[in-house]
Amino acid sequence: MQIARPDSAVEEILPSVAGFLESPVRMVIGDQKVASDTSETLAVFNPATGQKIAEVPKGNAQDIDKAVKAARGALKGEWSRMRPADRQRVMLKLADLIEANGEELAQLETLNNGKSVMLSRMIEVGASADYMRYMAGWATKIEGSTIDVSIPVPPGTKYHAYTRKEPVGVVGAITPWNFPLNMAVWKIAPALACGCTVVIKPAEETPLTTVRLVELCLEAGLPAGVVNVVTGTGEEAGAALTAHPGVQKLAFTGSTEVGKLIGVQAMQDMKRVTLELGGKAPMIMFDDMDMDQLGVAAGIGVFFNSGQTCCAGTRIYAQKGIFDKVCDFLADMTRSLSIGSGLDPANQINPMVSAKHQGHVNACIARGLEQGAKPLLNSGSYDGPGFFVRPEIFTAVDQKMSIMQDEVFGPVVTITPFDDPDDAIVMANDTRFGLGASLWTTNLNTMHKYVPQIEAGTVWVNAHNLPDQNMPFGGYKQSGIGREHGRAALDNYLETKSVCIALG
Ligand code: NAD
């Protein structure tokens, strides 16, 4: 079934979705759908109701070992002999299958993650299919270079030197829960374009769409073992994947804390590693901003995905001339947001992904209150089933408060006034993170003056929170190492081999 209109509510769960949830969910290793070595399982919940919806295998080190061996075998098998054009073709088929199964994937994502089905359709499915096609294009465009060399010995000898780009090998991909399908595609697509093979370990909260995606990989015609999925916890399956000697490259998206553990482990055996980590993005609003854009700033910048976005604009700095208006607008708008299940796109605030994460966001709000931040809404806690949190806006904050320094990852934002723009930049940069930021101004000089001063991997102007497959994405400071998307992403999945030929 093709995908439904993004803004239409889910009236009934598709039989294919119900069937998938009812039958035992299996990992995919090689061409086999398997339970864990120990047959242990993990429960998966619907965040909107708090009810269990499925059980998935609790993969362990043995399962990871089997998956890495399958990926290793595939790396040297048929996959390595396929022409780039054939790799491209199978990736394009996979993109078509993502779309053809789009409504099923979207419903599954919303049931598992809680997010608006509109986002599931547009981002998890739509943007993922686009991403797969974009990376498929690169499969036929990988190239090295010819190099003039000046080697002086033996005297008079001439050389022909060039570089080859070769797949880095088996990729261990570890993904977070906030954009489960999309993050899986961000890892798998460039790996396939470069001829690598993959073992992916999705977040324990949201494994379902990644499992379906890997099933679709086989259906698209990828040889067995090219993409494998092991479900399970980070501490067990994730750590085993990170440490496995058969993995050459780790592609991680998740928290800075876990990213540091993965980085340390990667250095033990010199695995290539990219880390896409946490954020605490500032949005700097100047007196001359177009006030009609406040709705976009709040809706997409702050509350997109119910604030569970690594680039979420969680710290607004508003110049004194507009500070009161920004506070009033945000308070009115946030009060009007309807809270409820993501199956109805009319609900703009959907549940947090898990009871644990709901507890974390509530604790961050409580700490903000304890430390003296002023709640504009005084929302209070959410009573009822599901892992919901009521949005909150804090003013009277100072830079040292944890609400200004630590990642909340929920519908919570602070607003701080500033007079001198230079002070705003200092406050914006006063964080250990550096993933995203935005400037809101109609003055070109202001924009060009301050863009270079922001310490962040992406700076939007009059926009926020909008990545693109062709635009490098990654963090300064503790928001990560490396860049995903665009041509730059391919280097993460390729080794450079220099070849030097002495001419007779
Ligand atoms: P997390 O770090 O808790 O978990 C991410 C993944 O790591 C999960 O699959 C988890 O099972 C695994 N993991 C946990 N412990 C592990 C270990 N010891 N060894 C190996 N793997 C382990 O993050 P999360 O709570 O799932 O996701 C939210 C975080 O992700 C936020 O900090 C957010 O900012 C970040 N994020 C960053 C980006 C980005 O592109 N920079 C995008 C989305 C989310």
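## Enclosed space

A cavity is a set of grid points where a 1.4 Å probe fits but cannot get out, and its lining residues have an atom within 4 Å of a point. In this predicted model, the second largest cavity is lined by G279, K280, A281, G307, T309, C310, A312, T314, E407, V408 and F409. About 50 Å³ of space lies in this second largest cavity. By class, its lining has 5 nonpolar, 4 polar and 2 charged residues.

The count of cavities of 30 Å³ or more comes to 3.

## The largest cavity

The largest cavity holds about 80 Å³ of space. Its lining is made by 16 residues, and those nearest the cavity centre are P282, F433, G434, G436 and E455. Divided by class, the lining of the largest cavity has 8 nonpolar, 4 polar and 4 charged residues.

Which strands and helix each supply at least two residues of this lining? They are the strands β12 (281-285) and β17 (436-440), together with the helix α15 (421-429).

## Positive phi in two loop residues

F409, one of the residues that line the second largest cavity, has a positive phi of about 65° although it is not a glycine. F409 is found in the loop between α14 (402-405) and β16 (412-418). Is F409 buried or exposed? F409 counts as buried because its relative accessibility is 14%, and the cut-off for buried is under 20%.

N305 also has a positive phi, near 55°, and is a residue other than glycine. The loop that holds N305 runs between α11 (294-302) and β13 (313-319). With a relative accessible area of 4%, N305 is buried.

V153 is classed as exposed because its relative accessible area is 53%, where exposed means over 50%.

What is the form of the peptide bond from V153 to P154? The bond is cis, with omega near -20°.

Methods
Residues are numbered from 1 along each chain as its sequence is written. This is a predicted model: local features need pLDDT of at least 70, side-chain atom pairs count only at pLDDT 80 or more; totals for chains, interfaces and linings use all residues. Side-chain values use heavy atoms; hydrogens and water are left out. On a 1 Å grid over the protein atoms alone, a cavity is a set of points where a 1.4 Å probe fits but cannot get out, and a pocket is an open set with protein on both sides within 12 Å along at least five of seven lines; lining residues have an atom within 4 Å of a point. Grid points are joined across faces, edges and corners, and a volume is the space filled by probe spheres set on the points. Helices (H or I, at least four residues) and strands (E, at least two) are DSSP runs, numbered from the N terminus. Ala, Val, Leu, Ile, Met, Phe, Trp, Tyr, Cys and Pro count as nonpolar, Asp, Glu, Lys and Arg as charged, and the others, Gly among them, as polar. Buried means under 20% relative accessible area, exposed over 50%, partly exposed in between (1.4 Å probe, protein chains only).
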